Amino acid sequence: MLSQPITEDLSMAYAMEFREAVARAYDECGSSIEVAEQFNCSESWVRRLIQRRRETGSLAPRPNRLPNNNKLDDGDMERLRKLILQTPDMTLAELAEALDNKVSVPTVWRATQTLGLPLKKVRPRRRARPSGRQIAA
């Protein structure tokens with residue numbers, strides 16, 4: 001029987017074999033305190049594991065989800081799109097100010113990348129070419 005959690009790093013989830021062994025031990029004795037002492041893990045983790053099994057039917061860890069940090073809603077994004085199309089030479093700081101300083105300059109830049117809009121239209125310039133004549137000295 002497993003006595004130690006099978007992990008390589010403290011931030012990693014417990015292995016499925018360990019989770020199954022803990023759940024089996026809990027089913028046998030019914031005490032999260034005893035199971036936690038037996039497997040050298042947290043009593044609250046044992047309770048959450050059994051609760052997850054009861055609610056979802058699975059012992060698998062929940063997938064990591066990134067928080068939604070989008071500060072600009074659809075209306076703000078449309079407003080930003082119109083601003084860039086109307087005045088393409090606005091700086092990021094000016095765009096942030098036009099959005100009532102709701103977001104920072106880097107956030108405005110990421111939003112322009114999401115919209116797929118370049119910030120400034122730069123026309124290619126003709127380069128001065130040297131003439132074919134040579135001046136004698």
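**Labels and their grounds**

Student: How do you know that the span of α1 agrees with its 14 residues?

Tutor: At 1.5 Å a residue, the 14 residues of α1 should span 20 Å, and the end C-alpha atoms of α1 are 20 Å apart, so the two agree. Keep in mind throughout that this is a predicted model.

Student: What is the secondary structure of the protein chain, and what pattern does the chain follow?

Tutor: The protein chain comes to 6 helices and 0 strands, and reading along the sequence gives the pattern α-α-α-α-α-α.

Student: Why are α1 and α3 called roughly perpendicular to each other?

Tutor: Helix α1 (residues 16-29) and helix α3 (residues 43-56) pack at an angle of about 90°, with their axes 10 Å apart. Angles of 65 to 115 degrees count as roughly perpendicular, and α1 and α3 are therefore given that description. The contact is made by F18, R19, V22, A23, Y26 and D27 of α1, together with W45, V46, L49, I50, R52 and R53 of α3. By class, this contact of α1 with α3 has 8 nonpolar, no polar and 4 charged residues.

Student: Which residues of α1 are buried, and what covers them?

Tutor: In α1, F18, R19, A21, V22, A23 and A25 are buried, and what covers the buried residues of α1 includes α2 (32-39) and α3. Just after α1, G30 takes a positive phi of about 80°.

Student: Why are α4 and α6 described as roughly perpendicular to each other?

Tutor: The axes of helix α4 (residues 74-86) and helix α6 (residues 105-115) come within 11 Å and cross at roughly 85°. The range for that description is 65 to 115 degrees, and α4 and α6 are therefore roughly perpendicular to each other. On the side of α4 the contact is made by M77, L80, R81 and I84, and on the side of α6 by V108, A111, T112, T114 and L115. By class, the contact of α4 with α6 has 6 nonpolar, 2 polar and 1 charged residues.

Student: What makes L99 buried or exposed?

Tutor: The relative accessible area of L99 is 2%, and buried means under 20%, so L99 is called buried. The place of L99 is in the loop between α5 (92-98) and α6. Leaving aside its neighbours within four places in sequence, L99 is in contact with L72, D76, R79, L80 and V108. The C-alpha atoms of L99 and L80 are separated by 7.6 Å, although these residues are 19 residues apart along the chain.

Student: How do you know whether N101 is buried or exposed?

Tutor: N101 has a relative accessible area of 55%, and exposed means over 50%, so N101 is called exposed. N101 is found in the loop between α5 and α6, and its phi is near 50°, a positive value in a residue other than glycine.

Student: What makes a positive phi worth a remark in such a residue?

Tutor: Most residues other than glycine have a negative phi. N40 has a positive phi of about 55° although it is not a glycine, and its place is in the loop between α2 and α3.

Student: How much of the protein chain do buried residues make up?

Tutor: Buried residues make up 27% of the 137 residues in the protein chain. The accessible surface of the chain comes to about 10,900 Å², of which 49% belongs to carbon and sulfur atoms.

Technical notes:
Residues are numbered from 1 along each chain as its sequence is written. This is a predicted model: local features need pLDDT of at least 70, side-chain atom pairs count only at pLDDT 80 or more; totals for chains, interfaces and linings use all residues. Side-chain values use heavy atoms; hydrogens and water are left out. Axes are lines fitted to C-alpha atoms, for helices over the stretch in contact, and angles run from 0 to 180 degrees between N-to-C directions. Helices (H or I, at least four residues) and strands (E, at least two) are DSSP runs, numbered from the N terminus. Angles under 35 degrees count as roughly parallel, over 145 as roughly antiparallel, 65 to 115 as roughly perpendicular and the rest as oblique. Contact means heavy atoms within 4.5 Å. Ala, Val, Leu, Ile, Met, Phe, Trp, Tyr, Cys and Pro count as nonpolar, Asp, Glu, Lys and Arg as charged, and the others, Gly among them, as polar. Buried means under 20% relative accessible area, exposed over 50%, partly exposed in between (1.4 Å probe, protein chains only). Accessible areas come from the Shrake-Rupley method with a 1.4 Å probe; for residues, only the protein chains shown count as cover. The expected span of a helix is 1.5 Å times one less than its number of residues.
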